[in-house]
Amino acid sequence: MPDASAVLARYGAEVPRYTSYPTSPHFSAEDGRQLMPELIAGLQPGELVSVYIHIPFCDRLCWFCGCHTKQTQRYEPVEAYVGSLVAEIAAFRERAGFSPTLAALHLGGGSPSLLRSAEFVRLAKALRGAFEFAWDAEVSVEIDPSDVTADTLEGLKAIGLTRASIGVQDFDPAVQTAINRPQSFELTRSVIADLREKTGCRINIDALYGLPLQTSERLEATIAKVISLRPDRVALFGYAHVPWMKKHQRLICEADLPGRSARLVDAAYAAEMLVEHGYERIGIDHFARPGDALAQAARSGRLHRNFQGYTTDTCETLIGFGASAISRFHGGYIQNVVATQSYQDMVGRGELPAMRGYRLSRDDVIRGWIIERLMCDFRIGFDELTQRFGAAAAAPYVREALRIVSDDRDRLVRAEEHAFVIRPQARAFARIVASWFDAYRDSGAARYSNAV
C-alpha cells in the first residue's frame, strides 16, 4: 500500500473532485454572457440533453453543507423563485428555436423536496413545454426526509420521479448535533417506504465519512442502517471542510474532525461493509447493486462523471437552470449568477442569467476525457484515446502518461500494454493521479477539499 502521508506531502492534500474539466474556479467572468448565445445556437435538433435545476433554499442550514443555498422559514421566496425558473426555461426554448430531447433531469439544492406540489407541477409543465421527454427519461430529485409530506409525494409523482437521492450523512445523534442535521433512522425508513409505495422510484442514499465526532464505531453503525434500507445505490462521500468558501462551516469545531489517516481507514472499512453486502464499487465513492444501471455501466466501461457525480448519463450537453447552475455544452461551460436575487432580477428583465464561462480548447477536451476515464475506470486505454482523437493528437498525451509512470516514486500507477493504469491499492488517490494531467493545476489561487 502507498504511504498516504508521503503521497499527500509530496503532491498536496487538496485537489479538485473533477466533476468537470477545467474546474469552475477557472471559468471567466468575461466569457459567460458572450458565450451563452453561441453555445445555445450550437445545439442540434434530435440531440439528447440532460437538465439540472438548482433550488437554493433549505428550511434549516446544515453546517456541513457545501452547496449554494440559504435558509428560509417562509415559502413565498421559494414560490417566487420557481416563477423565475419557469421564465428562464421558457427563454431558453425561445433562444434554442426547437425543443431538445430531454434524457435526464436532476433537481438539486439546497432542498428541492421543500417544494410544494403546485411548484412541482409548474416546473413539470414548463419543462414539457421546452423539451421533448425521452420515453425512458430518468428524473432524480435530492430529498431531505424532514421535508417530505403527503403533498411532497404528490409533487414528486407529478414531475415523474424515477430516482430519489436521500441525504443521510450519519445517523448518530452526537454527529447530527455537531453538523446541525437532526434526522432519525425511523423517519428516513418511513419516507423511503412511502417513496417506494407512492412513486415506485429507485433509491440512492448519500452518507459521509470525515464528519465531526464521527468515530469508526459510529460510522459502522450508520452504514449498517443504510444497508438495512436496501438502497439501489450508495454514495459514500468524504466530508469537504472548506470554511474559506462556506462560512457556516466555521460553526463546526475543527478539533472534532478526524485526521487524514482516520478518514482513509474509515472510508476503506465502510466500503468493505458495502461490498460484503453485495454492492459493487463504482469509481472512488459510489456503490451499486449488481443489477443497477450504474454497476452495469461501470463493468462495461460506459460510466460517466458530471456535476452530480458518477452517472449513466451519456448526454454531452447538460443545461443548468437556476442560480449558480452550471451548463456544459460541446464548446464550453456557462455558470449562472450565484446570488439568488441577482438571478431573479436578471431573468425578470429578460436577460440571460449567465455570469461566468469557459470556451473549451482541443487540449481541454482531450485532458477532460483522460481525467474522466481515470476517475471512472482508473485507466487510460491508449487505443481508445487514439481512436477518439486521432494518432497525431493522442501521441503527446501517451508520452506524457509514460513519463508520469517513470517519475512516480510512490508506485501509484503503472504502464500496461497500451494503457496507463492506477494500481488497485492506490485507487483512493485517483484524484491526485488525475491532477497530474490537469494543465491548470498550478495556476490560480483556487483551493479545494481534501484529496482523501
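Is Q169 buried or exposed? Q169 is buried, at 7% relative accessibility. Buried means under 20% relative accessible area, exposed means over 50%, and partly exposed lies in between, with a 1.4 Å probe and protein chains only.

A word on the model. This model is predicted, so local features need pLDDT of at least 70 and side-chain atom pairs count only at pLDDT 80 or more, while totals for chains, interfaces and linings use all residues. Residues are numbered from 1 along each chain as its sequence is written, and side-chain values use heavy atoms, with hydrogens and water left out.

Back to Q169. Q169 sits in strand β6, residues 163-169. Strands (E, at least two residues) and helices (H or I, at least four) are DSSP runs, numbered from the N terminus. Setting aside residues up to four places away in sequence, Q169 touches several partners, among them F64, I179, R181 and D206. Contact means heavy atoms within 4.5 Å.

Now turn to G155. G155 belongs to helix α5, residues 150-159. G155 is buried because its relative accessible area is 0%. Beyond neighbours within four places in sequence, G155 contacts S117 and F120. L412 lies 257 residues from G155 along the chain, and their C-alpha atoms are 48 Å apart.

Finally, the cysteines. The structure has zero disulfides. A disulfide is a pair of cysteine sulfur atoms within 2.5 Å. C62 is in no disulfide: the nearest cysteine sulfur, in C58, is 6.5 Å away. C62 is buried, at 8% relative accessibility. For C253, the closest cysteine sulfur is that of C62, and the 18 Å between them is too far for a bond. C253 is partly exposed, at 41% relative accessibility.
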